There are 2 protein chains.
Amino acid sequence: MAKKQTTIYDIATALGISAATVSRCFRSPELVNAATRQRVLETAEQMGYRPNGLARGLIGGTSSALGIMVPDIHNPSFADIIGGIEEAAYQNDFALLFGNAQENVAKEQRLFEVFLSYQVAGIILLSPRTPDLELQHWIGAGVPLVLVNRRLTLARCDVVTVDHVGLARMAVEHLAAVGRRSILYLAGPHGAQANQLRAEAARQAAAEHQVGLHVIDTEGLPVTVTSERLMQQLDFLPQFDAVLAYNDLMALGAMHALTAQGIAIPEQVSVCGFDNVSWGEFSTPPLTSMAQPLKRLGEEAFSALQRRMETPSEQPLEMVLPGWLVVRGSTRPDSTPRRPTAGERRSESLRP
Amino acid sequence: MAKKQTTIYDIATALGISAATVSRCFRSPELVNAATRQRVLETAEQMGYRPNGLARGLIGGTSSALGIMVPDIHNPSFADIIGGIEEAAYQNDFALLFGNAQENVAKEQRLFEVFLSYQVAGIILLSPRTPDLELQHWIGAGVPLVLVNRRLTLARCDVVTVDHVGLARMAVEHLAAVGRRSILYLAGPHGAQANQLRAEAARQAAAEHQVGLHVIDTEGLPVTVTSERLMQQLDFLPQFDAVLAYNDLMALGAMHALTAQGIAIPEQVSVCGFDNVSWGEFSTPPLTSMAQPLKRLGEEAFSALQRRMETPSEQPLEMVLPGWLVVRGSTRPDSTPRRPTAGERRSESLRP
DNA sequence: CTGAAAGCGCTTACAG
DNA sequence: CTGAAAGCGCTTACAG
């Protein structure tokens with residue numbers, strides 16, 4: 001910073017009063033004489049005073065910044081979740097320290113340390129890949145901490161998740177309902193708990209509905225390679241008639257691969273994804289997807305963190321938000337091209 | 001934070017030395033006796049010492065955090081740009097303060113203030129919507145500042161952009177080369193400089209190639225409405241044979257709308273977007289798009305900022321990165337479904 | 001309602 | 001190579 005900052009002392013000197021009074025005008029205005037306050041505020045404005053967040057944070061031992069960490073910034077769901085958190089945080093005067101772990105557990109650890117070294121008031125972890133055991137230690141560090149889309153077996157910690165189990169069941173039930181008998185599940189990252197939950201729930205639901213379920217591991221593979229592996233299954237498992245993909249991009253890749261093989265969607269194979277991304281409605285056929293209240297997930301995470309920061313001793317809460325099914329042409333027998341309905345476009349309004 | 005932090009004094013006391021020495025072990029290790037240093041480092045490790053970033057920043061007047069601002073977190077290009085910045089910043093031990101302006105100029109202003117109040121070492125603004133005049137003031141504030149995808153007419157400021165003019169020309173030339181005579185340009189946000197540059201460059205290129213160009217304003221409209229407006233043009237301008245969209249999502253929306261009207265792509269109408277998003281290759285037909293070196297844009301922005309932070313007096317630099325054309329089925333006459341080539345998949349490697 | 005003073009955790013000339 | 005001391009900008013009991 002080239003120019004020297006205006007401090008509370010500059011204002012105090014200019015007005016011939018004490019720095020303490022100036023400080024009070026900002027922190028506890030009710031303690032100071034209205035006229036004085038008025039003059040201070042005006043002078044501050046004139047002199048371009050801007051409170052030093054570092055000095056403030058140094059005192060309380062806590063800044064008014066929050067730490068936010070994502071496992072991989074490229075996952076399109078995170079934009080909405082982060083958007084929800086950011087908006088809520090901004091409105092409550094919190095700044096956001098941001099880190100992208102790049103699916104790297106060691107980096108998650110380092111980012112956490114960075115957050116702590118900045119004395120953040122709280123931390124929100126979006127589906128961290130760090131194993132439970134270590135996560136326990138983090139919770140022990142004493143920072144208000146909220147987990148999004150990741151549950152812990154042992155430790156007590158505020159958690160906000162989407163009902164992945166319910167979503168996966170719903171997906172399988174939908175596929176069964178449209179007459180599908182054998183589903184391929186294209187798995188997501190091993191480290192993603194949502195992946196495990198969905199796979200397991202899908203397996204159970206499939207068993208209950210007497211539908212076959214085969215899981216294809218795609219750990220670390222780009223979507224195009226995933227599609228190729230899917231194609232290999234065509235020889236191996238020629239009888240499958242539905243694909244359920246961990247996310248919409250993978251679903252789209254699968255549709256593309258299937259189409260290239262001359263397989264009709266949804267007549268021969270139905271395809272369903274997760275996340276209900278905005279461009280899903282524009283594919284051919286439009287993609288059926290399991291939608292999640294992403295923005296709200298972010299907002300609730302912030303609320304949970306706020307509660308925790310205010311009353312650290314309160315019981316940890318676990319909040320599970322319901323998702324919902326958005327049926328489009330990739331699973332709907334009658335898949336005539338049509339305008340998307342308002343409900344599909346603005347999925348927020350569909351939330352139960 | 002529930003537990004009290006270990007400070008430099010705790011270590012000093014434990015070892016019977018001064019805090020200054022402990023501090024030096026971290027900041028200027030070469031100044032301190034090797035044996036002492038060793039003991040300090042060990043003790044620090046044991047006691048779980050973590051330097052307080054706020055205290056450090058308070059001293060120099062500058063923290064080692066950077067401020068990053070985006071106009072709208074939902075734009076998929078930003079994930080790559082931010083990813084590039086984050087990675088570079090992380091490797092150079094900078095934390096990131098993040099803000100999403102939500103296309104709101106007032107919020108941009110407030111976020112900037114927040115960054116300053118945290119004494120950030122520098123700020124990167126991704127295509128800010130704030131008018132030139134005010135941006136000048138910001139530059140006057142003296143913080144190292146880098147603009148991404150936004151140029152300033154008057155002020156001198158480090159800038160990293162993609163060659164939007166060249167990209168738009170390239171797009172028009174490509175459309176002309178495949179025999180198109182009349183292009184509809186679906187415009188992006190008014191506040192986005194890239195939009196203005198592209199529209200103007202497209203206009204010029206169109207004139208040079210004797211191709212018609214008609215701009216459809218879509219300010220503030222969701223993609224679906226944009227598509228509807230596009231459809232209205234079908235009656236109004238039945239002769240257009242190409243659509244150039246501000247981004248891939250809009251291009252996709254256009255393709256969807258055209259297809260729904262029974263118009264063949266690319267035979268009757270060619271469609272081209274900007275950004276080359278990952279899912280563009282999966283549409284039907286796969287989407288031709290103007291690609292940008294997004295991650296590199298972020299990396300160069302960080303480098304520019306770093307240079308500015310180290311030598312504040314140096315001449316401002318303007319860096320223009322070239323983009324490139326990725327031809328796919330939506331503009332290629334022979335649009336038989338096919339596997340995407342390696343070059344299309346990993347567009348990074350295609351960069352000139 | 002206001003001021004003097006101590007302190008948050010760290011760094012850095014200044015002496016030794 | 002090491003320590004005592006001052007200071008970064010602000011807040012907050014403690015007196016008045």
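**Finding your way around**

In chain A, the domain assignment gives domain 1 (8–51), domain 2 (65–161 + 295–319) and domain 3 (164–292 + 324–341). Please keep in mind that this is a predicted model. Taken over C-alpha atoms, the centres of domain 1 of chain A and domain 2 of chain A are separated by 36 Å.

**The sheet in chain A**

- Look for an open sheet of 6 strands with mixed pairing, in the order S7-S6-S8-S9-S10-S12 (chain A).
- At its edges you will find strand S7 (212–216) and strand S12 (324–326) of chain A, each of which pairs on one side only.
- From one strand to the next, the twist averages 20 degrees.
- Strand S8 (residues 242–245) and strand S9 (residues 270–274) of chain A pair in the parallel sense, over 3 bridges.
- Within this pairing, Val243(A) stands opposite Val271(A) in S9(A).
- Helix H8 (residues 164–177) of chain A packs on the sheet, where H8 touches strand S6 (182–186), S8, S9, strand S10 (288–291) and S12 of chain A. The direction of H8 makes about 155 degrees with that of S10(A).
- Helix H11 (residues 248–260) of chain A lies across S6, S8, S9 and S10 of chain A, and runs at about 160 degrees to S9(A).

**Two helices in contact in chain A**

- Helix H1 (residues 8–15) and helix H2 (residues 19–27) of chain A pack at an angle of about 115 degrees, and their axes are 8 Å apart.
- H1(A) passes H2(A) in a right-handed crossing.
- Which residues make the contact? From H1(A) come Ile8(A), Tyr9(A), Ile11(A) and Ala12(A), and from H2(A) come Ala19(A), Val22(A) and Ser23(A).
- Sorted by class, the contact of H1(A) with H2(A) has 6 nonpolar residues, 1 polar residue and no charged residues.

**Aromatic pairs**

- A pair of aromatic rings is described by the distance of the centres and the angle of the planes.
- Over all chains, a search of the whole structure finds 8 aromatic pairs.
- One of them joins Phe26(A) and Tyr49(A): the ring centres are 5.2 Å apart and the planes are at 35 degrees, so the pair is tilted.
- Phe26(A) lies in helix H2 of chain A and Tyr49(A) in the loop between helix H3 (34–47) and helix H4 (53–60) of chain A, so the pair ties together parts that are 23 residues apart in sequence.

**The sheet in chain B**

- Chain B has an open sheet of 6 strands with mixed pairing, ordered S7-S6-S8-S9-S10-S12.
- Strand S10 (residues 288–291) of chain B and S12(B) pair in the antiparallel sense over 3 bridges.
- Met290(B) has Leu325(B) as its bridge partner in S12(B).

**Backbone details to look for**

- Most residues other than glycine have a negative phi, and most peptide bonds are trans.
- The peptide bond from Thr284(A) to Pro285(A) is cis, with omega near -10 degrees. You can find Pro285(A) in the loop between S9 and S10 of chain A.
- The peptide bond from Ile265(B) to Pro266(B) is also cis, with omega near 5 degrees. Pro266(B) has its place in the loop between H11 and S9 of chain B.
- Glu103(B) has a positive phi of about 55 degrees, although it is not a glycine. Look for Glu103(B) in the loop between strand S2 (95–100) and helix H6 (105–117) of chain B.

Conventions:
Residues are numbered from 1 along each chain as its sequence is written. Chains are lettered from A and ligands numbered from 1 in the order in which they are written. This is a predicted model: local features need pLDDT of at least 70, side-chain atom pairs count only at pLDDT 80 or more; totals for chains, interfaces and linings use all residues. Side-chain values use heavy atoms; hydrogens and water are left out. Domain bounds come from an automatic or database domain assignment. Two strands pair if DSSP finds at least two bridges between them. Helices (H or I, at least four residues) and strands (E, at least two) are DSSP runs, numbered from the N terminus. Axes are lines fitted to C-alpha atoms, for helices over the stretch in contact, and angles run from 0 to 180 degrees between N-to-C directions. Contact means heavy atoms within 4.5 Å. A crossing is left-handed if the near helix is turned anticlockwise from the far one by less than a right angle, and right-handed if clockwise. Ala, Val, Leu, Ile, Met, Phe, Trp, Tyr, Cys and Pro count as nonpolar, Asp, Glu, Lys and Arg as charged, and the others, Gly among them, as polar. Rings of Phe, Tyr and Trp (its six-membered ring) pair if their centres lie within 6.5 Å; planes under 30 degrees apart count as stacked, over 60 as edge-to-face and the rest as tilted.
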